[in-house]
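User: I'm new to this structure and would like to learn how to read it. Could you take me through a few features?

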Amino acid sequence: EGSPLSLWGPFLVLILSGLGLPVPEDIVLVAAGALGEIDGRRWIEVSALMYAGVMLGDSTIFFAGRFFGTRLRASRWFQRYFSEKKQAKVEDLFERYHSWVLFVGRFLPGLRAPIFFTAGSTRVKYWKFFFFDGLAALISVPFFVWLGHWLWAKFKDDIAQLDRALDRTQTYTMVVAVVLL
């Protein structure tokens with residue numbers, strides 16, 4: 001088996017994204033799948049740990065809304081990232097679709113964090129949040145991890161060829177740059 005970092009690194013990044021690290025979760029999941037394939041791990045095993053990371057990250061956003069929502073929503077800093085307009089849009093989604101917005105929110109990267117934060121700040125019950133978000137994550141997490149696993153298995157030879165070509169190009173580029181200097 002490969003490095004523990006190839007498994008725990010993406011897990012930690014998923015948790016950090018719940019703390020505000022602006023990294024697209026789906027890219028992390030695809031990378032985790034590819035790293036799992038490289039290390040000889042089954043995608044389902046990788047999916048289980050990444051699911052835990054996603055749910056911890058999402059729960060962090062939810063609880064930030066629960067404990068700091070009222071104060072944060074009024075701050076200038078918060079409104080720079082989650083404008084009044086975006087807040088109103090999220091609240092309208094809750095009004096129209098109730099708890100199902102938590103399910104759909106998982107598939108809306110630009111609105112995911114505001115939806116989960118709003119759920120916490122508007123006192124949605126945690127079990128309800130966890131159920132709907134967790135149900136959606138049972139679809140998205142295994143899919144993206146499997147995709148990364150499959151892509152690496154299918155295209156690793158092409159990626160190795162591309163890497164070798166880039167290495168040669170880098171060498172030629174350095175030679176040309178030295179000659180020009």
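User: Is Arg 112 buried or exposed?

Analyst: Buried means under 20% relative accessible area, exposed over 50%, and partly exposed in between (1.4 Å probe, protein chains only). Arg 112 counts as buried because its relative accessibility is 9%. This is a predicted model: local features need pLDDT of at least 70, side-chain atom pairs count only at pLDDT 80 or more, and totals for chains, interfaces and linings use all residues. Residues are numbered from 1 along each chain as its sequence is written, and side-chain values use heavy atoms, leaving out hydrogens and water.

User: Which residues does Arg 112 touch, not counting those up to four places away in sequence?

Analyst: Contact means heavy atoms within 4.5 Å. By that rule, Arg 112 touches Glu 25, Asp 26, Gly 105 and Arg 106. The side chain of Arg 112 also reaches the backbone oxygen of Arg 106 at 2.7 Å.

User: And how do I read a nonpolar core?

Analyst: In soluble globular proteins, nonpolar side chains tend to be buried together. A nonpolar core is a set of buried Ala, Val, Leu, Ile, Met, Phe, Trp, Tyr and Cys residues joined through side-chain atoms within 4.5 Å. Here the largest one has 19 residues, and Phe 94, Leu 102, Ile 115, Phe 116, Ala 119 and Val 124 touch the most other members.

User: What does Leu 102 contact, leaving aside neighbours within four places in sequence?

Analyst: The partners of Leu 102 include Phe 94, Ile 115, Phe 116, Lys 128 and Asp 133. Apart from this core lies another, of 15 residues, among them Ile 15, Leu 29, Met 50 and Val 141.

How values were computed: Polar contact = N/O pair within 3.5 Å; in protein donor to acceptor, adjacent residues only side chain to side chain.
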